[in-house]
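The questions below take up the terms used for this structure and ask what makes each of them apply. Each answer sets a value against its definition.

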Amino acid sequence: MMLNYLRWLTRQKRRKADAGVTLIEMMVVLVIIAVVAAMVVPNVIGRPDEARVTVAQSDMRAIAGALEIYRLDNRTYPNTAQGLAALVTRPTVPPEPVSWASGGYLSAMPQDPWGGAYVYRFPGAQGRFDLVTLGADGQPGGEGVNADIAFGAVETAGG
């Protein structure tokens with residue numbers, strides 16, 4: 001009986017050594033996570049403006065693609081009076097489209113990342129059409145995050 005008790009006691013000691021995580025081990029893991037977060041977070045937090053510029057550039061490429069499809073269907077781009085809304089709903093302002101796609105060319109008109117509308121002009125001063133976002137301040141011109149971003153500049157920069 002004593003032998004059985006010793007075997008049981010030995011098994012209990014082995015189980016306790018393997019059972020669970022010590023406070024020291026948890027503290028080491030938390031310190032490692034904190035160090036990694038301290039290195040990564042400042043690099044990610046400081047870039048929301050760069051992300052907004054990238055989103056604006058992507059939106060303008062998508063809008064320009066929809067404008068090209070509109071032109072292929074209707075032999076011309078929507079004029080300034082029709083605006084970008086012509087990509088979402090059939091224009092009623094002349095000249096009415098010859099072959100407007102049912103369902104439109106965009107499911108919804110995107111706003112720029114700062115909540116403003118994209119500015120569209122046809123014919124354009126800089127090319128076949130002008131497509132611009134006015135930046136964070138919503139005013140023409142500006143510097144930094146307030147600077148205008150034009151589609152022609154996106155085409156040149158993006159290839």
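Q: Where is P95 found, and what makes that place a loop between two named elements?
A: P95 is found in the loop between α3 and β1, where helices (H or I, at least four residues) and strands (E, at least two) are DSSP runs numbered from the N terminus. A cis peptide bond joins P94 and P95, with omega at about 0°. In general, most peptide bonds are trans.

Q: What kind of model is this, and which pLDDT cut-offs apply?
A: This is a predicted model, in which local features need pLDDT of at least 70 and side-chain atom pairs count only at pLDDT 80 or more, while totals for chains, interfaces and linings use all residues. Residues are numbered from 1 along each chain as its sequence is written, and side-chain values use heavy atoms, with hydrogens and water left out.

Q: Which other cis peptide bond is there at a proline, and where is P123 found?
A: A cis peptide bond also joins F122 and P123, again with omega at about 0°, and P123 is found in the loop between β1 and β2.

Q: How many helices and strands does the protein chain have, and how do they follow one another?
A: The secondary structure of the chain comes to 4 helices and 3 strands, and from the N terminus on the elements run α-α-α-β-β-β-α.

Q: Why is R75 called exposed, and what is its phi?
A: Exposed means over 50% relative accessible area, buried means under 20%, and partly exposed lies in between (1.4 Å probe, protein chains only). R75 has 67% relative accessibility, so it counts as exposed. This residue, in the loop between α3 and β1, has a positive phi of about 70° although it is not a glycine. As a rule, most residues other than glycine have a negative phi.

Q: Why is T133 called buried, and which residues is it in contact with?
A: T133 has a relative accessible area of 0%, and is therefore buried. T133 lies in strand β2, residues 130-133. Contact means heavy atoms within 4.5 Å, and, leaving aside neighbours within four places in sequence, T133 is in contact with A56, M60, D112, W114, Y118, D148 and I149.

Q: What makes the pair R71 and E68 a salt bridge?
A: A salt bridge is a side-chain nitrogen of Lys or Arg within 4 Å of a carboxyl oxygen of Asp or Glu. The side chains of R71 and E68 meet at 3.2 Å, N to O, and form such a bridge. Being 3 residues apart in helix α3, R71 and E68 are separated by about one helical turn.

Q: Why can the pair R128 and E68 be said to tie together parts of the chain?
A: The side chains of R128 and E68 meet in a salt bridge at 3.1 Å, N to O. R128 lies in the loop between β1 and β2 and E68 in helix α3, so the pair ties together parts that are 60 residues apart in sequence. E68, R71 and R128 are linked in a network of salt bridges.

Q: How many salt bridges are counted by this rule, and what are the accessibilities of D130 and R121?
A: The count comes to 3 salt bridges, including the one between D130 and R121, whose closest N and O atoms are 3.4 Å apart. D130 is buried, because its relative accessible area is 6%, whereas R121, at 38% relative accessibility, counts as partly exposed.

Q: What makes a set of residues a nonpolar core, and which members of the largest one touch the most others?
A: A nonpolar core is a set of buried Ala, Val, Leu, Ile, Met, Phe, Trp, Tyr and Cys residues joined through side-chain atoms within 4.5 Å. Of the 20 residues in the largest core, I63, L67, L84, L87, F129 and L131 touch the most other members. The largest share of this core, 7 residues, comes from α3. Leaving aside neighbours within four places in sequence, L84 is in contact with I63, L67, M109, Y118, Y120 and L131.

Q: Why is T80 called partly exposed, and how far apart are T80 and F122?
A: T80 has a relative accessible area of 39%, so it is partly exposed. T80 and F122 are 42 residues apart in sequence and 5.2 Å apart in space, C-alpha to C-alpha.
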